[in-house]
Amino acid sequence: MNINDAEHDALMEQFERDYPYARKDKEPKRLWPLQHVYCHPDTNKEFLAYRMGYSLGRVIERIGGW
């Protein structure tokens, strides 16, 4: 997934809805390729795990399930 595409933006919006109490202040976009998306370390770790789960789901979808 490209961090500059609409799919990534939509995933971030969904993450923020799913985790309404997480701190949502973001790092500058130039740091996103280094996996620094959210300023708060715990929120950033949760988002990276969320994104990995989403990516795994997309791969499983493409290969037709387990």
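Here is a short chat about the salt bridges in this predicted model.

Colleague: How many salt bridges does the structure hold?

Modeller: Four.

Colleague: What makes E7 and R58 a salt bridge?

Modeller: The closest N and O atoms of E7 and R58 are 3.3 Å apart. The cut-off is within 4 Å, so the pair counts.

Colleague: Which parts does that pair tie together?

Modeller: E7 lies in helix α1 (residues 6-18) and R58 in helix α2 (residues 41-63), so the pair ties together parts that are 51 residues apart in sequence. There's also a network of salt bridges that links E7, R58 and E61.

Colleague: Why is E7 called partly exposed?

Modeller: Its relative accessible area is 28%. Buried means under 20% and exposed means over 50%, so E7 falls in between. R58, at 27%, is partly exposed too.

Colleague: How do you know that K26 and E16 meet in a salt bridge?

Modeller: N to O is 2.9 Å for K26 and E16, and the limit is 4 Å, so they qualify. K26 sits in the loop between α1 and α2, while E16 is in helix α1, 10 residues apart.

Colleague: And why is K26 called partly exposed?

Modeller: K26 has a relative accessible area of 37%, which lies between 20% and 50%, so partly exposed is the label.

Note on methods
Residues numbered from 1 in each chain as written. Predicted model: local features only at pLDDT ≥ 70, side-chain atom pairs only at ≥ 80, totals over all residues. Heavy atoms only, no water. Salt bridge = Lys/Arg side-chain N within 4 Å of Asp/Glu carboxyl O. Helix = DSSP H or I, 4+ residues; strand = E, 2+ residues; numbered from the N terminus. Buried < 20%, exposed > 50% of the residue type's maximum accessible area, 1.4 Å probe, protein only.
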